[in-house]
Amino acid sequence: MASLNPAMNNLKQPEMPVDPLAQLKSILLTEDQQRIAELEAALAELKAQLSHKAQLIATLEPVIGEVLEKKIGDSKDEMARSLAPVMGAAIKRQIKDAREDVIDALYPIVGRMVAKAVAEAMKKIIANINANLNRTFKFSRWFRQQKARLQGIDPAEKVLADAFPFQLQRVFLIARDSGLLISYAGASQSGPEHDEAHIIGGMLTAIKSFMETSFAGSREGDLNEIEHSEFTIRINSGRYTYLAAVFSGVAGNELDEELRNLHIRIHERFHRQLRSYDGDNSRLQGIEQPLREIIRTTQHIDHEHTAAS
Amino acid sequence: MNTLQLHKKICLLGTFGVGKTSLVRRFVYDKYDDEYKSTIGAKVSQKRLVPLENSRKELIQFNFLVWDIEGVEKATPQVNHYLLGAHGFLLIGDLTREETIGALPAISEFARKIAPGAPLVLAGNKADLAPDGSHTAAVLAEVADRLSAPYLLTSAKDGRNVEDCFTQLGLLIAE
Ligand SMILES: Nc1nc2c(ncn2[C@@H]2O[C@H](COP(=O)(O)OP(=O)(O)O)[C@@H](O)[C@H]2O)c(=O)[nH]1
Ligand SMILES: [Mg+2]
């Protein structure tokens, strides 16, 4: 299209001699020959790349990655379906060849994932329960204090007992490293149970150590609770010992606080003996007293039921 | 005279298959199943010894908490943990497989690093399968000498010397 601006006109169409024959010649010969030469060179290079495996891989690598990514993004299921058998076979062979290595490599990862998932779920459940507890606790506190006063029971103790919506069944004081049972108190007073307590102390220590080593590195993985179908074990770790409380029902932070206080009391009185503890329980006379006490205190809720009925 | 009651942690160590679990089963009446051991690699059993007298004429009754530990040949951090606070070690080799006896010095080094001062007793197990004066028994004697530890030839199958291994260990701990 013709321009009205002469300056622009100049720019767009610089003065050049137009020789149709030369143009034709250059199109027909020079440019084509050059193009052919370029194409030949490119073809040779391509051939070389195709025949050279490493070079081929280097060429295709970035593309394949992109294609796969796109394909997976477009049709994830389809990809998975077609890749699964190949991957499955490869992984199976790999596992067969280096079973121990694979297990060793997966172990901590799986452990951490499980620990985290459990910790998350527990946190939610506990938060829920705590919310409920706090509501009911505040609601009935005053009433219970009055009732306790009338019954002649120390109100503070009564409130404490009412704050435990769980049954503390056994408390173990266990030497941290060796797992030896230092002291034990149980809600029921049968003999064989006490003997069994030594094995439970050892097994508990083994399980605790296993979990802590497996989940090392994730803070959520620190073991302070073990759940079983009908009871839970809450653990409070000290310098030389740990306390393990077995209970049924639901225990909130109050139990942790109670255990911590109990542990501190024990430590204050016996720390010298505990530091050099070597399996001689006769040097720790009286250490079972505070354990019995905590069992007794948290049993009050039952006494109330008996008194009421 | 008063009998002193002492609780002690004893660890059974040895390559896979030498007979650790069988020896514990023979030594203690055991009502716990082994299910969780294969999961965590350790199992604790309990056995009270008959009262023993040490050189100071003290009567001591041991309550042994016996830890049957898997995988010591791999020296993992987990096994490391299981040995913490041990008061004595029973190192077990299999008389039908010399390499399991050859593994004992390395295992003892590992054990002594974690629980220094805890005495060792060596056991050549499956004696029921090894002829008297077998080559492997001689190898065991040599290893025991090198580690300055007593050794016994045991069989979890017919029960020979099983009780004695633990008594020997008790006597060493009692000193
Ligand atoms: N003949 C014989 N077989 C034994 C003896 N002790 C263990 N075994 C066998 O050796 C195998 C491994 O024993 P096990 O106790 O599981 O070994 P661990 O891996 O050291 O616990 C089992 O098949 C046992 O039955 C023994 O004293 N004599
Ligand atoms: Mg075993």
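Lys157(B) puts a backbone N or O atom 3.4 Å from an oxygen atom of ligand 1, a polar contact (a pair of N or O atoms within 3.5 Å). Taken alone, ligand 1 exposes 570 Å², and the protein buries 70% of that (Shrake-Rupley accessible areas, 1.4 Å probe). This is a predicted model, with local features needing pLDDT of at least 70 and side-chain atom pairs pLDDT 80 or more, while totals for chains, interfaces and linings use all residues. Residues are numbered from 1 along each chain as its sequence is written, chains are lettered from A and ligands numbered from 1 in the order written, and side-chain values use heavy atoms, leaving out hydrogens and water.

| Residue | Distance |
|---|---|
| Gly17(B) | 2.8 Å |
| Ala156(B) | 2.8 Å |

In total, 14 residues surround ligand 1, with Thr21(B), Ser22(B) and Asp128(B) also among the closest (near means a heavy atom within 4 Å). Helix α1 (residues 20-27) of chain B gives the most to this shell, 3 residues (helices are DSSP runs of H or I, at least four residues).

Now the cores. The largest nonpolar core has 64 residues, and Leu168(A), Leu13(B) and Leu83(B) are among those touching the most other members. A core here joins buried nonpolar residues through side-chain atoms within 4.5 Å, buried being under 20% relative accessible area. Helix α8 (residues 253-275) of chain A supplies the largest share of this core, 6 residues. A second, separate core of 26 residues includes Phe27(B) and Phe166(B).

Key:
A polar contact is a pair of N or O atoms within 3.5 Å; within protein, one must be able to donate a hydrogen and the other to accept it, and residues adjacent in sequence count only if both atoms are side-chain atoms. Helices (H or I, at least four residues) and strands (E, at least two) are DSSP runs, numbered from the N terminus. Buried means under 20% relative accessible area, exposed over 50%, partly exposed in between (1.4 Å probe, protein chains only).
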